[in-house]
Amino acid sequence: MAELVISNVDKIYRPRRKKPVHAVKDLNLSVNSGEIVALLGSSGCGKTSTLRMIAGFEDVSNGSITLDGKAIHTLPPSKRGVAMAFEAYSLYPPLTIGDNIAFALKSSSLPTVEQQTRVKAMAEMLDIGGILNRYPSSVSGGQQQRASLGRALVRDAGLYLLDEPMGQLEPQLRAILRGRIKAYLRQHNCTTILVTHDQTEANALADRIAVMEGGILQQYATPADLKARPANLFTGTFVGEPPMNVFPAEVTATTKSVAFRIGERTSLTYPRSDFSSEVVQALSSIKKLAIGIRPYALHVGKGPIAGQVVACQWLGDQTHVAIEVEGRTVVSVAHERIKEKPGSSLALEVSASDLHLFDAENGNAIAHGGQLA
Amino acid sequence: MDHTSPLEKLIRAALLAIVIIFFMFPIAWIVLMSFQTNESILRIPPSLIFTPTIENYVALITGEMRTAAGSLKLDFMRNLWNSVLLSSASVAVSLLLGVPAAYAFARFKFRLGEDIAFTLLSFRFAPPLLVLLPLSLYFKTLGLTNTYIGLIWVYQLICLPLILWIVRGYFEDLSPDIEHAHRIAGYNWFQTFWKIAIPLALPGIAAAGLLAFIFAWNNFVFALVLASADKQPVTVGALAFVTASGIQYGQIAAAIIFSIIPTFVLAMFAQRYLVEGLSLGAVKG
Amino acid sequence: MNQLAIRSLSKSFGAFKVFEGLNLAADSGEIVVIFGGSGTGKTILLRMIAGVEEPTSGHVEIAGENATDVAPEHRGIGMAFQNFALFPHMSASENIAAPLRAARAAEAEVESGVSRVARLLKIDHVLGHTPRELSNGQKQRTALARALAAEPKILLLDDPLRNVDAKLRFEMRLELPRLLRQSGATVLYVTQDYKEAMALADRIAVLSGGKFVQVAAPEDIYMAPATLTVAKLFGDPSINMVETTVRTAGKSATVDILGESVEIPASYAAYAGRKVAFCVRPEAVSLAHKSDGLHCEVQAVTPLNERVVLLLKSTGGWEFLSSLPSSAAIPTTGEKLRASFASKGTHLFDLETGERLDG
């Protein structure tokens, strides 16, 4: 099991007769031994290029990649000691599901009996024990994806790379398989990088998440930290479902209070003691301020955010409430059931400890919950 | 991986050059021939140095062919006109019949539909001569021998299957949802066919029409059997250059140049259309 | 009055039966969501109502009249497609105007109609663009605008949010109910996302195995699923299940969960000896260090939005999930606890028929 270090890596594609594309810009990322890291971003953010560079399917334009202190970015893929599950499954069509999973083990020095037990255990974990004798073309997409995942995980490798590993899984199985896979990676102390555009998957599996956008690493932190302390407006609004509410705001600080005006009639006022003096200091020099409030932090109460209910949608284990406040839609989520008729008046409140303050000009975070970012 | 070595570039260029020479040589040779007299063409050894003459072209346009044995009347311009008329009329008729048929085959499942479509295609399998013998007898009885209508009719054997099968593929590639959406928006099936299906398949229709035109233009054997001199297209008309006193190579070359021009111009024009047709996929979503 | 009704509608392709004998009636202005997995025939059903697909048997009634012989263009229906199905060779505004022009509206009416729905759907700034130049979200809004433009009495929406990204889907989910109510149309909405179904529907019709297994309000579907299939389709994470037998001990009823006995409400005692599927919603599982409840060990902790999902294993090897608000005390991997199940989220289904057993 190994430690991966990506230092100052660039990836520049130079298509013929087209402008070069700078897909990954000066990426620095380290993954500890046994850690599960997710590369999260929308399509074109550079996450897949990064994964392909680690796997060796793509040259590194600049910088280096080391695994356990050994530079691997110049080695061919087969010499890197890396196992990978592909988004498109890439199972070998002439082999059965079982042989596909066992494929990489065949060339290892493991005794045949041991190989068989491993394949069987892996198949049990992924709920494909019953289809080991079938061929890839005769099973569903979800089953193929699980087989592809099994083929990667069954190997002994220094590093496991999983490209959108659960995108096609049957919704009913997803939660339980996430749990099993996470338990498996933990038990076997697998150093893992998974690439995904689905933050639910990243949150569920990863110890740390690297959020990428435009080829640049935006933030690298634990799932909890990403939510509580987003580094900028991009990660703030990108991570979290439903997305964070963002308001442009004007701030007025007196000796007793700090007030944020977010509309003609709407203003959030807190005692000054809710904010550290550094935050108040920093706010005084900000020209354009943006306030971010997560839907879960908005509670039905006395205000000050008041408006008409647009929608009140109960989903079984949570309620999504949207109200219109001075032409803007504000979303609040509660774990309990709330029944409000569309059109009725509703007031939401939020405590100072749930406010995220951003400099709207460059997007950088200023403060989270009254403390400097 | 995106770097190419100089050696690679060199080899690539050389290979390309070989391919170009291989394919362009006959055409270049014919262009050269068309500017030479028969004597200079038949010179041994052949030489690239000669005095260019437009005599061949003049002969074709005036219809006056001077050979060693004297002057001969020929009506090549008439042949050219016949070719244009026969080919365009045939393609027009084929489009008129073939496009709606292609739409029907693509969109509606009806009894024997596949069989009919295949039968139409199978016309292309049989050697034309096999069909021609009985056909010429019928044509004589019907009085269709040596008429434009008769020839255009027979040319449907060439054009119709081609248009039907190509255009059908294009219609099948169009999402039926787009047509359904148009129906539901309040239009009847004919309006939908006319306003949605036709415009969206237009690149395919153009490509099929062009191909059919070229096939019709290049046809030889139908016209040879079923038409006499005044209705013959260029392909058959060129036989006139094989005279008693020898073969008029220079004039044949000029005639070839003349007969290539229409299809060449059409292809150049339609190229843009064909490329647009290929990007149709981007439209579907 | 029933604005729309389907009467014993069936469709088969050769020997393959897509669905059989479907019955459903929707009141004027009602939003009915047809929910089902892929391949259940939801889209075919919508197409039949629109008139572009022929039923094998049965018929569709519009405003009380049999619509079998009514051509699609005369049914007074607006429809939005999953793949948007915009006319690629027309601008967004021409797309939206198409139904108005078909109705031979005057030019001024067409213009005002287009700008009305465009404003409603916030696409007035891209009206001149061709579909190719629109983003996915704009395409989807244009398709909706086109469906709404002629103010149809019946609106068919075929999974309209399927092909837009999660954020946009969420926004539209909040926005749609108001939009649909304003239109006053009877809405049939097809989706395979249970959250969308619960958020939008007055009633949900669950299509599975070629028939409607339950047609009810979202609340009833979630709190009292008629069959095991329905229970599994609604909820994320999906409902926990284990096969067992109901036993009685005196007045109380229990089920045996792989060797361990768990008490269930006494009202289930009537089903003593019955082979059942014991199901419990992950959010109804509570965990504590206490002296009663099912012994279990935490296998993995996987956060899910603002909740935390725990994979647990009972002593007998039953794997099940618990979903807790992230503000709650979260156990750690390897921790041993006792689990108890709130009766509200616990359901018993007959193992053979899959039918719900009332407790």
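Modeller: Let us start with a term: buried area is the accessible area that two parts lose on being put together, summed over both. The model before us is predicted. In it, chain C and chain B bury about 1900 Å² between them, and 63% of that is on carbon and sulfur atoms.

Biologist: Which residues of chain C lose the most area to chain B?

Modeller: They are C:E73, C:P88 and C:R132, which together account for 27% of what the side of chain C buries. Counted by contacts, 25 residues of chain C meet 21 residues of chain B.

Biologist: How many salt bridges and polar contacts are counted between chain C and chain B?

Modeller: The count is two salt bridges and six residue pairs in polar contact. The elements of chain C that give two or more residues to this side are α1 (42–50), β6 (77–80), α2 (92–102) and α4 (136–149). Of these, α2(C) gives the most, with four residues. By class, the side of chain C that touches chain B has 16 nonpolar, three polar and six charged residues. As an example of a salt bridge, B:D177 is joined to C:R47, with the closest N and O atoms 2.8 Å apart.

Biologist: How much area do chain A and chain C bury between them?

Modeller: They bury about 3100 Å², of which 59% is on carbon and sulfur atoms. On the side of chain A, the residues A:Q313, A:W314 and A:L315 supply 19% of the area buried against chain C, more than any other three residues. In terms of contacts, 32 residues of chain A meet 35 residues of chain C.

Biologist: What is the count of salt bridges between chain A and chain C, and which element of chain A supplies the largest share of the side that touches chain C?

Modeller: Five salt bridges are counted between these chains. In one of them A:R180 is paired with C:E319, the closest N and O atoms being 2.5 Å apart. The elements of chain A that each supply at least two residues are α5 (171–187), α6 (199–205), α8 (233–238), β15 (299–314) and β16 (319–325). The largest share, eight residues, comes from α5(A). By class, this side of chain A divides into 14 nonpolar, nine polar and nine charged residues.

Biologist: C:E319 was named in that salt bridge. Which residue is the bridge partner of C:K313 in β18(C)?

Modeller: The partner is C:E319 itself. Strand β17 (residues 307–314) and β18 of chain C pair in the antiparallel sense over seven bridges. The two strands form a hairpin with four residues between them, and C:G317 in the turn has a positive phi of about 100 degrees. Strand β18 (residues 319–325) of chain C is mostly covered, with six of its seven residues buried.

Biologist: Is B:N82 buried or exposed?

Modeller: B:N82 is counted as buried because its relative accessibility is 0%, and buried means under 20%. This residue lies in helix α4 (residues 76–107) of chain B. The side chains of B:N82 and B:Y148 are joined by a polar contact of 2.5 Å. Beyond its neighbours within four places in sequence, B:N82 also has contacts that include B:D230 and B:P233.

Biologist: Where in chain C does a salt bridge link distant parts of the chain?

Modeller: C:K336 forms a salt bridge with C:E297, the closest N and O atoms being 3.6 Å apart. C:K336 is in strand β19 (residues 336–341) of chain C and C:E297 is in strand β16 (residues 294–304) of chain C, 39 residues apart. C:K336 is exposed, at 59% relative accessible area, whereas C:E297 is partly exposed, at 28%. Over all chains, the whole structure has 34 salt bridges.

Notes. Residues are numbered from 1 along each chain as its sequence is written. Chains are lettered from A and ligands numbered from 1 in the order in which they are written. This is a predicted model: local features need pLDDT of at least 70, side-chain atom pairs count only at pLDDT 80 or more; totals for chains, interfaces and linings use all residues. Side-chain values use heavy atoms; hydrogens and water are left out. Contact means heavy atoms within 4.5 Å. Buried area is the accessible area (1.4 Å probe) that two parts lose on being put together, summed over both. A salt bridge is a side-chain nitrogen of Lys or Arg within 4 Å of a carboxyl oxygen of Asp or Glu. Ala, Val, Leu, Ile, Met, Phe, Trp, Tyr, Cys and Pro count as nonpolar, Asp, Glu, Lys and Arg as charged, and the others, Gly among them, as polar. Buried means under 20% relative accessible area, exposed over 50%, partly exposed in between (1.4 Å probe, protein chains only). Two strands pair if DSSP finds at least two bridges between them. A polar contact is a pair of N or O atoms within 3.5 Å; within protein, one must be able to donate a hydrogen and the other to accept it, and residues adjacent in sequence count only if both atoms are side-chain atoms.
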